[in-house]
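Here's a quick tour of the charged pairs in this protein. Have a look at the structure first, then read on.

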Amino acid sequence: MWLFETTSVIMVITLTSPGDCGGNWGVTFNNTAPCALKGSSVMFGCSYDYPSDQTITNTFWKFKNQIDDTNFFEQYGGRVEYLGNKKHNCTLRMDNLNSNDENSYLFRFKTVDNNGQPNAWSSKTSVSLTLTGLTAEVNPATVREGEKVTLKCSTTCTLSNHPTIVWFRDGQSVSKTEFQANSEDSGRYRCADQGQDLLSSAPVSLDVQYAPKNVTLSVNPSGDVVKGNSVTLTCSCSANPPVLAYILYKESGQSLATLTPSQSHTIHRISLTDSGGYYCLAKNEVSDVKSNVTSLNVQYPPEDTSVSVSPSGPVVEGIFVNLTCSSHANPAVSYTWYKVNGSCPIQSGTQLILEKVSPANSGRYYCEAQNKHGALNSSLLLLDVLYPPRNTLVSVSFSVPLLEGSSVNLTCSSHANPAVENYTWFKKDGTDTSQTGSGEVLALTSLTSSDSGQYFCEARNREGAHNSTVVSLTIQGANQATKTFQMSVYISSAATVFMVIILFVFLWMWKSPIKLCQKTAVDKEDDQNSVLSSRRTSNDPATQETRTEEQENALYANVQLPPSHTHHQDSSLYSVVKPPAQQNPPDLHYATFDFQQFHSSIDKAQLSGLHEDDVVYSTMKPRQANMTDNLQYASIQFPLPSPSARSEERSEVDHSVIYSTIAKPEA
């Protein structure tokens with residue numbers, strides 16, 4: 001708080017007492033010792049008096065030691081202004097005061113009386129001007145936060161004009177001259193005359209000391225901290241006086257480093273063990289302050305990806321199986337499941353659940369763990385689903401018929417996991433069942449009629465057992481076998497001859513009514529549909545020669561179907577009866593029938609599974625005297641046009657063929 005004491009000195013010089021006709025000579029100054037700020041303005045308050053019979057002729061302000069009667073301010077270039085008159089006011093104003101203006105000044109005036117007699121009068125006392133400046137004080141100049149501070153502005157003399165003093169800190173206005181200091185109050189202070197900021201004091205400093213503030217620990221680079229990279233931790237704060245030391249700590253309390261003067265600590269090739277919270281401690285002369293905890297979250301791509309299965313141990317068909325994928329990674333990973341030899345993912349998620357596991361689930365599985373830093377596959381997990389035997393079958397290696405004294409092998413096979421541990425063979429005779437052997441193969445040698453019966457096998461592993469279907473074996477004597485074979489030959493021969501006769505009669509009945517009408521068409525097509533046409537020809541000379549010889553011993557019959565038939569009007573039936581060549585055994589005879597487009601006369605439903613180029617062969621051969629086994633072979637194929645062929649059956653010739661070969665028994 002500024003206190004100014006002002007002393008007014010008024011000196012009145014009375015030369016004469018006032019009177020109407022008499023004269024009272026005198027000069028009065030409001031302040032004979034004015035004090036002003038350098039650069040400011042000052043007013044010399046002045047009045048003068050003289051007798052009434054005197055008339056003012058001239059007035060002067062002059063330096064005390066000035067000899068001549070001239071106004072001193074005529075050389076000041078307008079900085080001084082006379083505000084008085086030639087009556088009683090002699091006030092003077094001086095602006096932009098400087099050190100040269102510190103001086104003593106007198107006022108003098110001249111008059112003439114009524115008789116024209118001149119007179120002059122000077123003030124007996126001078127006005128002494130003193131210039132001063134403002135001086136700012138901060139008390140105390142150094143203070144700790146929270147302590148009291150006082151601002152004081154002073155001068156070397158008492159200012160005459162009683163100015164209003166204002167304060168500034170670093171150019172900002174300060175409202176109080178007494179306050180509790182805080183860190184923001186530190187700065188440079190000055191005082192000034194309000195309204196004349198240029199007339200200010202020299203600045204003085206206030207140093208407010210305080211403990212470290214805003215202590216922070218920053219991480220560079222910011223963002224994700226990836227394993228293997230380098231990371232720099234930097235501690236910073238504001239403090240007065242400056243920080244003496246920064247100490248870096250891990251949240252566990254472990255001191256890592258003293259960071260002063262660099263304030264930074266670099267962790268090279270950061271690892272997972274570096275994850276955790278960090279803080280720093282800033283110390284100065286006032287106090288110690290620590291920062292908040294900064295978490296260092298070290299991220300990395302998936303590691304140690306693995307698959308586990310529950311329940312552990314053998315996996316039995318039908319149970320609940322749960323495959324779980326796990327991996328170490330940061331951030332968390334997404335999981336995708338694969339099966340070896342599968343082109344597409346099975347599913348995503350931590351678990352792969354198989355509610356009722358089956359053999360189809362057997363295989364090798366793995367999972368892929370992936371996050372934004374990379375991906376890693378697990379090792380393969382073999383899922384081996386165990387199940388009891390199934391699809392148990394018996395295969396027989398024997399000739400028909402089975403004769404006494406011959407041998408036969410019965411083989412048992414089954415699907416199982418683990419593999420079948422043992423096979424057991426059983427024989428059924430009526431309602432009786434007895435075990436006949438063990439092992440995958442049951443070998444029956446030197447067969448007798450008592451070996452006839454029904455056989456089946458049992459396949460067993462540790463998960464269970466399964467029986468095969470029953471296989472019947474019939475053991476025949478030699479006479480019975482010969483009779484059976486001969487009867488088969490006779491029946492087959494009779495059936496073949498009967499079928500041929502029926503076919504010829506049927507075709508003749510269809511062809512006869514329009515034989516004359518179709519003669520020309522038949523003649524024209526005869527060359528195109530000859531027996532054993534281009535489908536049977538060959539460019540090989542040897543083949544052609546052989547066929548020429550065969551044709552010499554062949555009998556051909558050509559029968560044309562009538563046009564009223566549902567098939568193409570040019571459909572034909574060919575029959576070739578060919579005796580065996582001389583080098584063939586004399587007991588064989590062959591009959592070959594080639595039917596073109598004949599299948600249309602038969603119910604198509606009966607031929608739905610046949611192709612137009614299919615062939616039917618039938619071969620029967622009697623048992624020779626020196627043969628131990630009677631053999632009978634039969635092979636039948638049913639021709640039927642393909643869908644595209646059936647749509648064109650009216651425009652194309654069908655080349656389906658039926659062959660029948662009969663071998664006569666030896667004489």
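Glu458 is buried, with 15% relative accessibility; buried means under 20% relative accessible area, exposed over 50%, and partly exposed in between (1.4 Å probe, protein chains only). Its partner in a salt bridge is Arg460, with 3.4 Å between the closest N and O atoms, and Arg460 is partly exposed at 36%. A salt bridge here is a side-chain nitrogen of Lys or Arg within 4 Å of a carboxyl oxygen of Asp or Glu.

A word on where this comes from: the model is predicted, so local features need pLDDT of at least 70 and side-chain atom pairs count only at pLDDT 80 or more, while totals for chains, interfaces and linings use all residues. Residues are numbered from 1 along each chain as its sequence is written, and side-chain values use heavy atoms, with hydrogens and water left out.

How many salt bridges does a search of the whole structure find? The count comes to 13. Here are some of the pairs:

| Salt bridge | N to O distance |
|---|---|
| Glu317 and Arg390 | 2.5 Å |
| Arg460 and Glu458 | 3.4 Å |
| Glu463 and Arg462 | 3.7 Å |

Take the pair Glu317 and Arg390, joined by a salt bridge. Glu317 sits in the loop between β31 (315-316) and β32 (321-330) and Arg390 in strand β39 (residues 385-397), so the pair ties together parts that are 73 residues apart in sequence. Strands are DSSP runs (E, at least two residues), numbered from the N terminus. Glu317 is partly exposed at 28% relative accessibility, and Arg390 is partly exposed at 28%.

Finally, a network of salt bridges links Lys62, Asp69, Arg108 and Lys110.

Conventions: Helices (H or I, at least four residues) and strands (E, at least two) are DSSP runs, numbered from the N terminus.
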